[in-house]
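Open the structure in your viewer and keep the sequence beside it. The walk below goes from one landmark to the next.

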Amino acid sequence: PGCNQWHSKGLYQIPYRCLYSKNISNLFLAGRIISTSHVAFGSTRVMATSANSAQAVAMAAVLSVKHGLQNSAVNNHIPQLQQALLKAGQFIPGVKANDNADLTRTAKITASSEYSLQTLTQTDIAHKLEIGMAQLLPVLPGKLPAIGLVLESVEPTKIVVQLAASSKTVNFTPDVMLEEKQLSLLAGTNVVKLDFETHFNQEQYVFLIIRKNANVSVLLSDERLTAVLSLFQAKNKAVSNDGAQNPPDGIGMDSFEFWTPQRRPKGLNMAFSCAAPVYTFKAENIQNGYARPFITPNAWVAKLEDNTPTLNMKWEKEVSINTIIMSFDTDLDHPMESVLMHHPETVMPFCVRDYAIFDDKGNLVKQVTGNYQTRNTIKLDATLQTSSLVFKFKHPQINIPAAVFEIRCY
């Protein structure tokens with residue numbers, strides 16, 4: 001066919017050597033003219049990726065000038081290039097921020113509250129399982145706590161529920177089935193308890209999958225949460241798939257099912273309750289080196305009932321601060337196209353819009369209202385001498401708690 005769109009199971013990196021000319025010593029390449037095969041070009045060419053490669057080239061040019069290097073010689077400074085990109089807000093799979101100049105690394109981090117993922121409150125909204133639905137959940141080492149769901153059926157029937165994971169923890173494709181249960185449902189409302197035996201050795205994401213059965217609906221929650229989302233298996237004509245990728249043998253492409261988010265206002269989470277929290281969004285996550293979900297959520301999230309959530313950063317002795325960098329959740333799973341597609345929102349609903357920062361004497365350092373950016377870089381008018389910072393936030397919506405991925409101080 002004229003168009004075969006094959007997909008990879010997850011993330012991959014673009015090598016630096018794709019971004020410069022091999023025979024013109026001062027020429028960089030970015031965007032849609034980087035050096036790739038026609039197969040790789042299928043994904044490197046898209047606009048957001050083109051922007052990222054251009055950002056990498058710009059930073060490499062800075063290092064070239066700073067160290068008096070030809071572009072190819074920056075290969076000997078890749079860790080420095082990566083750290084500079086991370087500081088500017090880029091994400092590189094598997095590479096943690098490791099900046100000794102960042103004062104946050106030596107601070108003790110506490111919070112007024114930490115969200116524990118144990119219950120997503122039930123509404124009367126239901127998803128009819130004409131297509132399969134999955135709940136993506138972060139889990140801690142150990143056994144998954146028993147999970148309760150509410151399913152409604154128009155007649156006595158059976159339904160298949162699976163617990164799945166990715167063959168690579170860095171991916172978000174449920175290609176490893178860990179357990180499967182067949183449930184017998186009565187006509188009407190069924191309160192289902194799922195008790196899985198799988199033991200996890202590390203923090204990771206898992207998928208709670210309910211296979212399609214048009215006679216059954218799963219009740220949903222209107223609570224949305226950073227780094228937790230629902231997935232659906234369905235045909236998508238825009239990317240030429242019928243719910244799964246089944247390439248011919250021998251061409252080097254994987255076979256797997258497509259499970260993707262639905263565009264808001266659809267895509268609500270399953271309503272569920274657990275015997276114990278499956279994950280807690282701890283304050284210390286803001287200094288773990290990752291500024292977006294990767295293997296785990298990597299975010300601090302406050303409890304919804306905490307009306308004035310705060311993060312506290314304290315040092316053993318006074319420090320000097322000129323710049324504060326903060327990373328918020330603008331939902332990297334859900335692009336906001338303003339021209340090609342209808343979008344129901346004018347701002348990303350997870351993004352903290354209003355916050356204030358105070359020093360150790362309670363003096364206001366900075367107040368921000370109406371933020372809609374992922375990265376906030378605050379350059380102070382004068383050097384701040386303080387032994388602590390207090391960050392006070394407002395929840396972005398009544399059903400979405402405040403969340404922060406990263407804070408850096410210099």
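What follows takes helices, loops, charged pairs and cysteines in turn. Keep in mind that this is a predicted model.

Start with helix 2. This helix covers residues 47-67, 21 residues in total. Now look at which side chains are hidden. Ser-50, Ser-53, Ala-56 and Val-57 are buried in helix 2, and so are Met-59, Ala-60, Leu-63 and Ser-64. What covers them? The cover includes helix 1 (38-44) and helix 3 (78-87). Follow the chain just past the end of helix 2. There Gly-68 takes a positive phi of about 65°.

Step over to helix 1, where Val-39 lies. Is Val-39 buried or exposed? Its relative accessibility is 54%, so Val-39 counts as exposed. Val-39 and Asn-307 are 268 residues apart in sequence, and their C-alpha atoms are 50 Å apart in space.

Next comes Leu-225. Leu-225 sits in the loop between strand 13 (216-221) and strand 14 (229-232). Being in a loop does not leave this residue uncovered: Leu-225 has 2% relative accessibility and counts as buried. Which residues does Leu-225 touch, beyond its neighbours within four places in sequence? Its contacts are Tyr-115, Leu-117, Asn-269, Phe-281, Val-301, Phe-350 and Pro-401. Leu-225 and Tyr-20 are 205 residues apart in sequence and 40 Å apart from C-alpha to C-alpha.

Thr-310 belongs to strand 21, which runs over residues 310-327. Its relative accessible area is 12%, so Thr-310 is buried. Set aside the neighbours within four places in sequence, and several contacts remain. Thr-310 meets Thr-110, Ala-111 and Ser-112, along with Trp-300. Thr-310 is also in contact with Val-390, Phe-391 and Lys-392.

Now the charges. Side chains of opposite charge can pair when their charged atoms come close. How many salt bridges does a search of the whole structure find? The search finds 11. One of them joins Arg-211 and Glu-257, with the closest N and O atoms 3.1 Å apart. Arg-211 lies in the loop between strand 12 (204-210) and strand 13, while Glu-257 lies in strand 16 (residues 256-257). The pair therefore ties together parts that are 46 residues apart in sequence. Glu-257 has 27% relative accessibility and so counts as partly exposed.

Glu-406 is buried, with a relative accessible area of 5%. Arg-408 counts as buried too, at 1% relative accessibility. Salt bridges that share partners join Asp-99, Arg-375, Glu-406 and Arg-408 into one network.

Asp-359 is a contrasting case. Find this residue in the loop between strand 22 (355-358) and strand 23 (364-368). Asp-359 is buried yet has no salt bridge. The nearest side chain of opposite charge is Lys-361, 5.9 Å away. What lies beside the Asp-359 side chain instead? The backbone nitrogen of Asn-363 is 2.8 Å from one of its polar atoms. Not counting residues up to four places away in sequence, Asp-359 touches Val-365, Leu-384, Thr-386, Ser-388 and Leu-389.

Finish with the cysteines. How many disulfides does a search of the whole structure find? The search finds zero. Cys-351 is in no disulfide, and the nearest cysteine sulfur, that of Cys-409, is 18 Å away. Cys-351 has 1% relative accessibility, so it counts as buried. Cys-274 is buried as well, with a relative accessible area of 9%.

How values were computed
Residues numbered from 1 in each chain as written. Predicted model: local features only at pLDDT ≥ 70, side-chain atom pairs only at ≥ 80, totals over all residues. Heavy atoms only, no water. Disulfide = S-S within 2.5 Å. Buried < 20%, exposed > 50% of the residue type's maximum accessible area, 1.4 Å probe, protein only. Helix = DSSP H or I, 4+ residues; strand = E, 2+ residues; numbered from the N terminus. Contact = heavy atoms within 4.5 Å. Lys, Arg positive; Asp, Glu negative; His and termini not counted. Salt bridge = Lys/Arg side-chain N within 4 Å of Asp/Glu carboxyl O. Polar contact = N/O pair within 3.5 Å; in protein donor to acceptor, adjacent residues only side chain to side chain. Expected span 1.5 Å × (residues − 1).
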